[in-house]
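Good morning, and thank you for coming. Please look at the sequence and the structure as I put them on the screen.

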Amino acid sequence: MINMENVVIRNMKEEDSAEVLEMMKVFYASPALLSDPSEDVMKRDIADCLGDNPFIECFVFENNTGVIMGYSMVAHSYSTECGGNCVWVEDIYIKPDYRGKNIAGEFFEHLDNMYGKEAVRFRLEVEEENERAVKAYKKAGFERLGYVQMAKDY
């Protein structure tokens with residue numbers, strides 16, 4: 001658990017599951033994403049974060065009174081393009097009342113401190129129209145990649 005100036009960043013606990021699920025529903029229903037997974041998929045994501053799956057973890061962002069202000073799910077992979085471990089910020093959601101308070105910036109700093117020595121790349125996806133998020137990510141050092149990503153889902 002990291003306690004920064006205005007936010008506590010910690011791994012999700014079982015007792016956070018219901019609140020994280022509700023935030024996921026809001027996040028995935030928003031125009032910030034192209035997909036809207038089923039609740040079963042979201043519950044599986046949470047279960048994998050709480051279980052022993054080495055490829056996914058979930059963080060929650062709390063204020064100093066224990067109120068959860070948001071969450072992030074982070075996945076781990078290998079980048080042959082960069083020759084090392086890649087950290088994917090899959091989800092990052094801040095509740096509306098807490099936006100604009102640099103919570104995302106503090107979280108990216110937390111990730112740098114956690115994985116900066118072992119990761120060769122940090123990645124995330126963002127809708128270009130989400131100007132506020134794009135600005136926050138650029139401020140944290142992210143740059144736009146110039147190619148299309150494709151997927152085949154099962």
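Is His76 buried, partly exposed or exposed? With a relative accessibility of 21%, His76 counts as partly exposed; here buried means under 20% relative accessible area, exposed means over 50%, and partly exposed lies in between, using a 1.4 Å probe and protein chains only.

Let me state the ground rules. This is a predicted model, in which local features need pLDDT of at least 70 and side-chain atom pairs count only at pLDDT 80 or more, while totals for chains, interfaces and linings use all residues. Residues are numbered from 1 along each chain as its sequence is written, and side-chain values use heavy atoms, with hydrogens and water left out.

His76 belongs to strand β4, residues 68-79. Helices (H or I, at least four residues) and strands (E, at least two) are DSSP runs, numbered from the N terminus. Leaving aside residues up to four places away in sequence, His76 touches Pro54, Phe55, Ile56, Glu57, Cys86, Val87 and Tyr115, where contact means heavy atoms within 4.5 Å. The side chains of His76 and Glu57 are also joined by a polar contact of 2.7 Å. Such a contact is a pair of N or O atoms within 3.5 Å; within protein, one must be able to donate a hydrogen and the other to accept it, and residues adjacent in sequence count only if both atoms are side-chain atoms.

I turn to charged pairs. Side chains of opposite charge can pair when their charged atoms come close. A salt bridge is a side-chain nitrogen of Lys or Arg within 4 Å of a carboxyl oxygen of Asp or Glu, and the whole structure holds eight of these. One of them joins Asp16 and Arg10 at 2.6 Å, N to O, and both of these residues are buried. Another links Lys25 and Glu22 at 3.2 Å, N to O. These two residues lie three apart in helix α1 (residues 17-29), about one turn of the helix. Lys25 is partly exposed at 27%, and Glu22 is partly exposed at 43%. Glu22 and Lys25 also belong to a network of salt bridges with Glu39 and Lys43.

Arg144 and Glu128 form a further salt bridge, at 3.4 Å, N to O. Arg144 lies in the segment after α4 (131-139) and Glu128 in the loop between β6 (119-124) and α4, so the pair ties together parts that are 16 residues apart in sequence. Arg144 is exposed at 63%, and Glu128 is exposed at 54%.
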